[in-house]
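User: I am new to this structure and would like a close look at one part of it, the nonpolar core and the aromatic rings. Please take me through that part step by step.

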Amino acid sequence: ANSFAFGSLNVNFTARTANLSSLNISFPNATWSYSNLPFTMQVGGLLEDASNLNAFALNVGSCVGAGCGGSLGPNNATIDATGVFVGASANFLGMTFQGFSGAGITTNRVAWGAVRVYRCAACP
């Protein structure tokens, strides 16, 4: 990718939900865009007694350019994201992101992946 632009990630610990406002990825021959991505929070999972965020959604983003479309529909793209809260007061969140488009979920597809660490701005 030439560039990644991650929007803000808002986490509601009471409702156990989160939302990524936007994510845009630019390649030399394609652009991928996502907005208002919902996440669910689960206790347990990746690390014992940790909370993590999970999201997987089909046809939630747009993929325009080389390799886009296929069985997912014209210019549609999936996203799969997982994260775990870390730190003494869970003030950091490590996230992995993957996106897919093209002929199918497992074959003849175009994919991207990224890792990002978020920090709670209001936390000590």
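Analyst: What follows goes from the overall fold to the core, then to the rings, and ends with one backbone angle.

This is a predicted model, in which local features need pLDDT of at least 70 and side-chain atom pairs count only at pLDDT 80 or more, while totals for chains, interfaces and linings use all residues. Residues are numbered from 1 along each chain as its sequence is written, and side-chain values use heavy atoms, with hydrogens and water left out.

The protein has zero helices and eight strands; helices (H or I, at least four residues) and strands (E, at least two) are DSSP runs, numbered from the N terminus. Of its 124 residues, 35% count as buried. Buried means under 20% relative accessible area, exposed means over 50%, and partly exposed lies in between (1.4 Å probe, protein chains only).

The largest nonpolar core holds 26 residues. Such a core is a set of buried Ala, Val, Leu, Ile, Met, Phe, Trp, Tyr and Cys residues joined through side-chain atoms within 4.5 Å. L23, Y34, F39, L53, F97 and W112 have the most contacts inside this core. At least two core residues come from each of β3 (17-26), β4 (30-43), β5 (51-65), β6 (76-86), β7 (92-102) and β8 (109-119). The largest share, six residues, is supplied by β4.

Leaving aside residues up to four places away in sequence, F97 touches a set of residues including F6, L20, L23, F39, I79 and W112; contact means heavy atoms within 4.5 Å.

F97 also belongs to one aromatic cluster, together with F4, F6, F27, W32, Y34 and W112. Six aromatic pairs are found in the whole structure. Rings of Phe, Tyr and Trp (its six-membered ring) pair if their centres lie within 6.5 Å; planes under 30 degrees apart count as stacked, over 60 as edge-to-face and the rest as tilted. One of these pairs, F4 with F6, is stacked, at 6.0 Å centre to centre and 15° between the planes. F4 counts as partly exposed because its relative accessibility is 35%, whereas F6, at 19%, counts as buried.

The last point is a backbone angle. Most residues other than glycine have a negative phi. N36 is not a glycine, yet has a positive phi of about 50°. N36 is placed in strand β4, and N36 is exposed, with a relative accessible area of 52%.
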